[in-house]
Amino acid sequence: MVTKRAEHGYRGAVSRNDRARSGGAPPGRDRDLLRWNARYADEPPRFRPHPLVDAAFDAGLPQGLVLELACGRSGSALALARRGRSVVAVDISDVALRQLGAEAERCGIRDRLHLVQAEAQAFDTGANRFALVLATLYWDPAAFRIGCAVVAPGGLLGWEALAATQPRRFRVRHGELSAQLPGGFQVLSEELVRTGTRATTRLLARATA
Ligand SMILES: C[S@@+](CC[C@H](N)C(=O)[O-])C[C@H]1O[C@@H](n2cnc3c(N)ncnc32)[C@H](O)[C@@H]1O
């Protein structure tokens, strides 16, 4: 059954977050937007779900909204929506969000996606709390803090970022994700994942309080 967006419980403020992106964003972020838009316009999407989606269901994912930060053209958001979840998908790239929205439309699940063009570190979730907060191939400490703060009690945080031996923008040392969790989280798994020459650090944690 197709349900209306308003029935999914997300009370969003898209325009406020849009302004957060365009009003006074650091110049580096505008460069990021242009770079990602150009890349997404050039490369055809694959819409592959991330393994953290299955891991979240396997660990026991409570009912409720999902938030995906820096979602890109997220196969994870589509997979979660196909499994009946309502997903708030946030990215700075309007090109990515348009492509994601078009694919969701094609699959008949557009009503389960709430697409928000915003900076992850400026995103205001309002009073919403999420059964799952997901971010993959993305690292920003402020966005991580926001993500942790809006996991509902009993909910999950799934985060994967490029791993680095030295701190660098968008990269984080393996072990740092669990180290930066606030109190009230239980680490379910934290792995260093090697794919070809790429290493990522992947965390799944549950909010216990
Ligand atoms: C490496 S891609 C990862 C996309 C997707 N999560 C995945 O796993 O394929 C990084 C994404 O972060 C987005 N991004 C970069 N800076 C951002 C910011 N400040 N706030 C929100 N999204 C951002 C980019 O537009 C891009 O979609």
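Me: Which residues are the closest of those that surround the ligand?
Reply: This is a predicted model, in which local features need pLDDT of at least 70 and side-chain atom pairs count only at pLDDT 80 or more, while totals for chains, interfaces and linings use all residues. Residues are numbered from 1 along each chain as its sequence is written. A residue is near a molecule or strand if its C-beta atom, placed from the backbone, lies within 6 Å of it. The ligand is surrounded by 18 residues, and the closest are Trp36, Ala70, Gly72, Ala120 and Thr136.

Me: Which helix gives the most to the shell around the ligand?
Reply: Helices (H or I, at least four residues) and strands (E, at least two) are DSSP runs, numbered from the N terminus, and the chain has seven helices and eight strands. The shell holds eight nonpolar, six polar and four charged residues, where Ala, Val, Leu, Ile, Met, Phe, Trp, Tyr, Cys and Pro count as nonpolar, Asp, Glu, Lys and Arg as charged, and the others, Gly among them, as polar. With three residues in the shell, the helix that gives the most, spanning residues 27–42, is H2.

Me: What is the phi of Ala70, and is Ala70 buried or exposed?
Reply: Ala70, one of the residues closest to the ligand, has its place in the loop between S1 and H4. Most residues other than glycine have a negative phi. The phi of Ala70 is near 50°, a positive value in a residue other than glycine. A residue is buried if 20 or more other C-beta atoms lie within 10 Å of its own, exposed if 12 or fewer, and partly exposed in between, with C-beta atoms placed from the backbone; because Ala70 has 26 other C-beta atoms within 10 Å, Ala70 is buried.

Me: How many C-beta atoms does Leu137 have within 10 Å?
Reply: Leu137 has its place in the loop between S4 and H6, and its phi is positive, about 55°, although Leu137 is not a glycine. Leu137 counts as partly exposed, because the number of other C-beta atoms within 10 Å is 13.

Me: How far apart are the C-alpha atoms of Ala96 and Tyr40?
Reply: Ala96 is found in helix H5, residues 94–107, and is buried because it has 24 C-beta neighbours inside 10 Å. Two residues are in contact if their C-beta atoms, placed from the backbone, lie within 7 Å; not counting residues up to four places away in sequence, Ala96 touches Trp36, Tyr40, Gly72, Arg73 and Asp91. Ala96 and Tyr40 are 56 residues apart along the chain, yet the separation of their C-alpha atoms is 6.1 Å.

Me: Which residues of helix H6 are exposed on the other side from its buried ones?
Reply: In H6, residues 141–149, the buried residues are Ala143, Phe144, Ile146 and Gly147. They lie on the same side of H6 because they cover an arc of only 160° around the axis, the arc being that of the directions from the helix axis to the C-beta atoms. What covers these buried residues includes S1, S4 and S5. On the other side of H6, the exposed residues are Pro141, Ala142 and Ala149.

Me: How many residues does the largest nonpolar core have?
Reply: A nonpolar core is a set of buried Ala, Val, Leu, Ile, Met, Phe, Trp, Tyr and Cys residues joined through C-beta atoms within 7 Å. In the largest such core, Leu132 is among the residues with the most contacts inside it, and Leu132 touches residues including Ala56, Leu61 and Val66, not counting residues up to four places away in sequence. The number of residues in this largest core is 55.

Me: How many bridges join strand S7 to S8?
Reply: Strand S8, residues 198–207, is mostly covered, with seven of its ten residues buried. Two strands pair if DSSP finds at least two bridges between them, and S5 is joined to S8 by seven bridges, running antiparallel. S7 and S8 form a hairpin with two residues between them, and Val193 stands opposite Thr200 in S8. S7 and S8 also run antiparallel, and the number of bridges that join them is ten.
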